[in-house]
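Let's take a walk through a protein together, looking at its aromatic rings. Have a look at the sequence and the structure first.

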Amino acid sequence: MNVKIDHAPKGDRLLVRFPHNELDTYKARAIPDRTWNKTLQAWTCRPTLKNIQYLHDAWSRAIWSEAAQKRANEIYNIAEQREAVLKARKNGAVDTAVLEGVPFQKPPMAHQKTALVLGRNQRSFAYFMDQGTGKTKTLIDDACHNWRENRIDAVLLFTLNSVKTNWVIFDSMKDHPEDKDALEDHMPPDVPYIKGLWVSQATGRVKQEWERFTRKVHEESSDRQNMVWLVANIESLRVDRAFDYFEQFIMNFDSRVMIVIDESTLIGTPGSKQTKAALKLRKHCAMARILSGTPVLKSPMKAYTQMGFLDENILGHSSYYSFRNRYAVMGGYQGRQILNYVHLDELQERMQSASYRVLKSECLELPPQIFQKRRVDMLPAQLKAYREMQEEFITENEEAGVVEASIVLTQMLRLQQITGGYLPRIDDVSGKTTGIVPLVRPDTNPKYVEALRILEECGDQRAIIWCRFTHEIDDLHELLVASSISAEKFYGAMSDEEKLSVRKRFARDNSLRVIVGNPMAGGLGIDEFKHASVVIYLSNTFDTEKRKQSEDRTHRIGSQMHKQITYYDIVVPNTVDMKILAVMRGDAKVSARVMADQWQEWI
C-alpha cells in the first residue's frame, strides 16, 4: 500500500503520501480537514483528534514517521486526560489529597482545590468559576505548579484595562503602603517572581519601572531564576506595536509560556482583530488558560472562540460555521438569523471535558441577594417625547432639534435616554450628536430623585450606582456632592491611576459612601466594591453579561461582612426599561442550560 504519514513542524501539519490510485485518493478526499499541497506533493491536515482518528481508521497499516506518531500520541494523551477530567467531574471523584505539602501563601478553599487538581496538569483548561469564587488565586497556584514542574517560564495574561491593576500594580502607582495586587496576595513563598504591567503611554516613574522590567525579562530568558508575569489589557492586542512585543516576549522564553485570558468572553467574537491576535499568540505558547464566570451568557455561540483558543479538539470543529450549523437553527433573512439552539447537552459535555465550573451558591455562604424594582413616572416633557419617538420614530425639541431613530436599536436607545430625562443634541447640518439636552432639571429628574431616596432609606450603608451614560454619572455625582454625600465617579475616561486610587480608597475609607460608575469600566474583575451592600441601577445596557458581572462586584468572597445585598432597578413601567430586563432574563436561561447551572431569576 505504501501510505506514509509524516509531520511538518512548520505549520503543525500531518502529511499523507501514497502512489496515485483511485481508492486512496478517495480516502484522502474524505479526511475531515484536508488540503492538497502541490509543493510537498502530499495531502495535509491539522493534527486534530478527528483527523488522526480518521487516518488510523482509513489506513490501519500506514507507515507513520517517528515525528508523526509522537504528535498523534500527544493528541491522544490530551484526549485521555480530558476524558479523565469529565469522568472525575461526573463521579465527584477528585483526589485533592495530592495537594498536601504544596506551599501556598493562603490555603485554598475546597472548590479551589478541586479546580486546581483538575486543571493544573492540563495543557489547556478553562476555569469557569462564578465571579467572586477565587479563580484569580486558582490561576496563580496553577501557574506556579507548572513553573515548579519546569513546563513554563512565564505567564502572559490579558484582561480588561480597568482590571489589569488587580493583577499587577507597579510600586509607583500605589497611593498607600497597604495597596496590594493579586500576585502579592497569592504568590507562594517558594516561587521567586518578577512582574510587569503593560501601560500603553507610560510616563515618569511608571515608565522607569517598565524599563527595569524589560531588562529583567531579557536576563530571565537566558537564566531561569524567577517566574515572569506580564499583564496587559486585552485591547492592546489590536495595536501592532503591542502585539509584536508580546510575540517577542513569548519567543524570548522559547514558547515556554502560559497564555491566559481573564474574562474570556473578550475573545468571544470570531473574526475580530482582538480575537485573531489572541489565537495567533496562543499557537506559540506551551499552555493556555481562560477564566470566566459567564462564558456563554449572551449566546452558546460564544463558546466557539473561547474553547478554540484553548484547543480546537475540545469542540471538534475547525470552523465557526460548522460549529454554528451543529448547535444553532438558522433562518430569517437569507438564513442568517439564529432562531433556536440544539444539541446543547452535547456542547455542555464537550466544554466540561476541559473546564471546571462552580457557582457561588455551591461553595460560599454569602449573604442573600434581594432584588427590587423601584417604579417612577416620567414628567410631562419626557412623556411627550417618549410617545412621539415610540409611535413615529421621531421627536422634536427646541434645544435638541429633530431627533430621529431609523432602526429599532437606535429607537430603543433614544427611548431609554428619554426615560432617563435626556435627548441627544443633533447638529442640523451633519445630523451627528453634539451633546445632551436635559428634558427635566437634574434635581427634578424622577430617577435621580428616587436614587437619592433609596440612599436616604438605607441609612449609612455604602452603595454602588451603575449608569449606562456618562452624563448620568456626572449629573448624579454632582447631586450627591450637593447633598453632602461623599461620592466618587468611576468610568472609562479615567486613567488607570485614577481608577486604582478610587478602588483602593473605597476599600479602606468607610467615609467614601457611594461610587457612581459605568458597568463597562467597573463591572468586571474588581474586588473592592464588595464593601457596598446596596446596588442601584439607574439604567442598564443591553448586555446581559455586563449586568451579571456588575452584580457580582458586591457578591463575592468577603461579602459576608453584610447581612444582605440589595439591588434596586429604577424603572419606568411599560417602557423600554422593562423590555431590557426581560431580554436579559431570557439570555440567562439559555446560558444556564449550556453551563448546567440552576437558573435563578436574578433580574
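**Rings that meet**

Phe-158, Trp-198, Trp-210, Phe-213, Tyr-245 and Phe-246 come together as one aromatic cluster. The model you are looking at is predicted, so local features need pLDDT of at least 70 and side-chain atom pairs count only at pLDDT 80 or more, while totals for chains, interfaces and linings use all residues. Residues are numbered from 1 along each chain as its sequence is written, and side-chain values use heavy atoms, leaving out hydrogens and water.

How is a pair of rings described? By the distance of the centres and the angle of the planes. Rings of Phe, Tyr and Trp (for Trp, the six-membered ring) pair if their centres lie within 6.5 Å; planes under 30 degrees apart are stacked, over 60 edge-to-face, and the rest tilted. By this rule there are 19 aromatic pairs.

One of them joins Trp-198 and Phe-246 edge-to-face, with 5.2 Å centre to centre and 65° between the planes. These partners are 48 residues apart, with Trp-198 in the loop between strand E8 (193-197) and helix H8 (204-220) and Phe-246 in helix H9 (residues 240-252). Helices (H or I, at least four residues) and strands (E, at least two) are DSSP runs, numbered from the N terminus. Are Trp-198 and Phe-246 buried or exposed? Trp-198 and Phe-246 are buried, meaning under 20% relative accessible area, with exposed over 50% and partly exposed in between (1.4 Å probe, protein chains only).

Now find Trp-466 and Phe-529, a tilted pair at 6.2 Å centre to centre with 55° between the planes. Both are buried as well.
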